[in-house]
Amino acid sequence: MGLNINVTTRRKQLAVLISVLAIAGAATAGIMVFGRDDGQTRAKALPATPNMVGVVTATFDDKLQTSAMQQQQAATSALEQKVQQLAEQIKQNHDDFTHKLQEKDQQIAQLQQGKNTGNAAPEGNSQTSTTPGNTPL
């Protein structure tokens with residue numbers, strides 16, 4: 001008898017499906033039986049609730065406020081120092097910029113004087129122009 005290959009494959013697949021379902025059912029039943037919670041284990045695992053009456057008093061609140069105030073003052077002091085440093089740095093940058101601007105104004109005035117008198121080279125720059133090979137133009 002020649003059995004069709006499709007029929008054989010379907011029977012094998014059905015056998016595998018039945019075995020997987022049987023194993024899953026057995027595992028579920030085992031978990032249900034052995035994993036029962038009686039409630040006693042949970043009650044034993046929880047520690048007793050501590051009695052917190054009288055822990056938070058007026059002195060506790062005062063200490064907490066004092067500590068918070070000290071932390072805030074420290075943070076404010078650090079911020080004030082950083083602001084002071086930034087202010088000094090801005091002032092230094094402004095002074096440097098003003099000085100450079102004055103130098104540039106002087107250079108522009110010298111160049112304009114040189115142009116008006118016919119001398120194109122500013123003071124202190126009396127070198128002749130050269131090419132990259134150091135040959136005069």
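Let me start with the nonpolar patch on the surface, which is formed by Leu14, Leu17, Ile18 and Leu21 and which has about 400 Å² of accessible area when these residues are taken together. Please keep in mind throughout that we are looking at a predicted model. Is Ile18 buried or exposed? With a relative accessibility of 51%, Ile18 counts as exposed, because the cut-off for that class is over 50%.

Let me step back to the protein chain as a whole, whose secondary structure comes to three helices and zero strands, so that, reading from the N terminus, the order of elements is α-α-α. Of its 137 residues, 1% count as buried, and the chain exposes about 13,100 Å², with carbon and sulfur atoms supplying 59% of that area.

I turn now to charged side chains. In general, side chains of opposite charge can pair when their charged atoms come close. How many salt bridges does a search of the whole structure find? The search finds one, and it is formed by Lys91 with Asp95, whose closest N and O atoms are 3.3 Å apart. Both residues belong to helix H3, which covers residues 58–117, and because they are four residues apart there, about one helical turn separates them.

Methods
Residues are numbered from 1 along each chain as its sequence is written. This is a predicted model: local features need pLDDT of at least 70, side-chain atom pairs count only at pLDDT 80 or more; totals for chains, interfaces and linings use all residues. Side-chain values use heavy atoms; hydrogens and water are left out. Helices (H or I, at least four residues) and strands (E, at least two) are DSSP runs, numbered from the N terminus. Buried means under 20% relative accessible area, exposed over 50%, partly exposed in between (1.4 Å probe, protein chains only). Accessible areas come from the Shrake-Rupley method with a 1.4 Å probe; for residues, only the protein chains shown count as cover. Patches are made of residues with over 30% relative accessible area and no salt bridge: like charges are joined within 9 Å, nonpolar side chains (Val, Leu, Ile, Met, Phe, Trp, Tyr) within 5 Å. A salt bridge is a side-chain nitrogen of Lys or Arg within 4 Å of a carboxyl oxygen of Asp or Glu.
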